[in-house]
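Dear colleague,

Please find the structure below, together with its sequence.

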Amino acid sequence: MLHSNFSVPKILIVDDNADNLLSLEVALKPSKAVIHKANSGNEALRLVLKNDYVVVLLDVQMPEMDGYEVAAWMKKNIKTKNIPIIFVTAINTQQANITKGYNTGAVDYLFKPIDPHILLSKINVFLSLHRKGKDDNNLLLDKIEKAKTQLKEQENELELLAKRDTLTMLYNRLAFEIELKRIIAMSSRYERKSALILLDIDNFKWLNDTYGHEKGDIVLKNVADIITETIRVEDFAARVGGDEFAVILTEVQNDSDAGIVAEKLITAINNFDISVLDDYFLTISIGISCFPASAKNFGDLVKQADIAMYQAKQSGRNKYKFFSLEINNSYLRYNLVRNELVNAVKNDELFLVYQPIINLNTDLIVGVEVLLRWNNKNIGIVNPVEFIPIAEETGEIHKIGGWVLKELAKQIKEFKNMEMNDIFFSVNISPKQLLNTKFSNFFKEILKEYEINKDKIHIELTETNLGVCMEHSGVESFMETLNTMNLPLSIDDFGIAYSSFSRLADLPINILKIDGSFVKKMVASKKANTIIRSIIALAKSLNLQTIAECVETKEQKTLLIENGCVWAQGYYFYKPLKIEELKLILS
């Protein structure tokens, strides 16, 4: 409306939440205006009839009479119809809701959480108009329309800089922290449930390294779009790290609802066709923490969702996990093992044991499998199944793997000096080591330093890890690495993972080790026995030797001989032996 005097300008703020009123009042303090507050629609109407206001900041969601009803009433009244109204809202920004606001008389919108800089920028426009004291209603309304355009441009620019991730246009980490704290406060006050979902793109570093950052950015933008399309409009999405995203679910009925959203996100990501990448299957890992079930403050919610996301990755990726006490204990154990593993070599905690490989026809030892063991002073004996994946993940595998090869070389030389030189040593190598460009030269230097014939050491790879190596570097590149090293190659756990048998003829493989799961079942299961017989036949056709693992009974030994298997290992013959025990047996 017209302002006929130049007294100190007045601003009315309307909100049923006392905390929100106080926040707005504090934010408006630099404006030097007189601030009036109303906690309901009826109170707001009483005040606008008694006072001249430069602008009214009006909350949309209020009990009894909401902001739209207040605005509609003001526009019908001759005394109040020209007072500018800015809606303040936490509801979604769909066009229908915005249009409804403008139709009821709003000149602009502010979306919670409110940025004080944007708020003052909008208010200063109306204060400036007040100070100029223009009396022409039409001119004032015209200036208001121009101010709306100006304010919108300023808001877009400020929001882009302050709240948005410029690549994906999702909210950034700062906005995420503000919003999560607000949701926690609201959920606590009104006893509502909410949930935090953290999701991370699996193997994103490899994707960036393989396809380049430009295509990596395309993936990030596509993932952001999928998240936006999958969640509800009242939920909140942000990019909080390089390839990490967060979703805040507001007012969930049950904690399990977050699992439903997680499943939808995983399915949508898996089904998305990223045409810019060849043969790349996009997957994500998700961690979920719930308010108030698992945590009641910002720090704990984020930490627990992060722990659950790590557990999802450890469990095979492309899945989601809720935070639980069990997951927390697993995470603590992981951190303990990871921290202690750093000093395992320096503290001389590693040692090797040897499981003999015997000739089934003569019962003589033809070779040994070299097995790594770790005895930590604080944890005790740690299973390789637990610590090897951690070593690979942290990069410690290079230091540990180097120690294994040097220690093995020393002990092989001892055997040579003791004239016990008629067995081979099969050592398992991590794909991380083989894919390291320096590894083959390192291996050659060890053989030369300890004067060891290359036929004495067999490289052993699990069938799964063989696939990893070939997929990562390509068949030709991987074959070149093996040929450069020129060492016999054994494929461990054969029969459970690698399906392309035609590749076996192309690779410099010498031995197939039949997976123990088949051997354990072969007496009772005709199918398992048939599989073993087929593997042995395949190996013979390719001129390869076979070793049966996990032989535990005489019946298994007999069947293996009948099937044509020549070599085997297992507790029926020997358990893993320390070096002294092996020397005693071979002497």
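Of the 587 residues in the protein, 50% are buried (under 20% relative accessible area with a 1.4 Å probe and protein chains only; over 50% is exposed, and partly exposed lies in between). Please note that this is a predicted model, in which local features need pLDDT of at least 70 and side-chain atom pairs count only at pLDDT 80 or more, while totals for chains, interfaces and linings use all residues. Residues are numbered from 1 along each chain as its sequence is written, and side-chain values use heavy atoms, with hydrogens and water left out.

The secondary structure comprises 22 helices and 19 strands (DSSP runs numbered from the N terminus: H or I of at least four residues for helices, E of at least two for strands). Among contacts (heavy atoms within 4.5 Å) between residues at least 6 apart in sequence, 67% join residues at least 24 apart.

Salt bridges

The structure holds 22 salt bridges (a side-chain nitrogen of Lys or Arg within 4 Å of a carboxyl oxygen of Asp or Glu). One of them joins Lys-313 to Asp-202, at 2.8 Å from N to O. This pair links distant parts of the chain, 111 residues apart: Lys-313 belongs to helix H11 (residues 298-314), and Asp-202 to the loop between strand E6 (193-201) and helix H8 (204-211). Asp-202 counts as buried, at 1% relative accessibility. Lys-313 and Asp-202 also belong to a network of salt bridges with Asp-200 and Arg-317.

Lys-513 forms a salt bridge with Glu-369, with 3.1 Å between the closest N and O atoms. Since Lys-513 lies in strand E17 (residues 511-514) and Glu-369 in strand E12 (residues 365-376), the pair ties together parts that are 144 residues apart in sequence. Lys-513 also meets Glu-460 in a salt bridge, at 3.3 Å from N to O. Here the partner, Glu-460, is in strand E15 (residues 457-462), 53 residues from Lys-513. Lys-513 and Glu-369 are both buried, and Glu-460 is buried as well.

Neighbours within four places in sequence aside, Leu-408 is in contact with Leu-352, Tyr-354, Val-370, Phe-425, Val-427 and Ile-457.

Aromatic rings

There are 14 aromatic pairs in the whole structure (rings of Phe, Tyr and Trp, the last by its six-membered ring, with centres within 6.5 Å; planes under 30 degrees apart are stacked, over 60 edge-to-face, and the rest tilted). Tyr-68 and Phe-87 form an edge-to-face pair, with ring centres 5.3 Å apart and planes at 85°. Tyr-68 is in helix H3 (residues 67-76) and Phe-87 in strand E4 (residues 85-89), 19 residues apart; both are buried. Phe-439 and Phe-443 are likewise edge-to-face, at 5.7 Å centre to centre and 90° between the planes. These two residues are four apart in helix H16 (residues 439-449), and therefore about one helical turn separates them.

Yours sincerely
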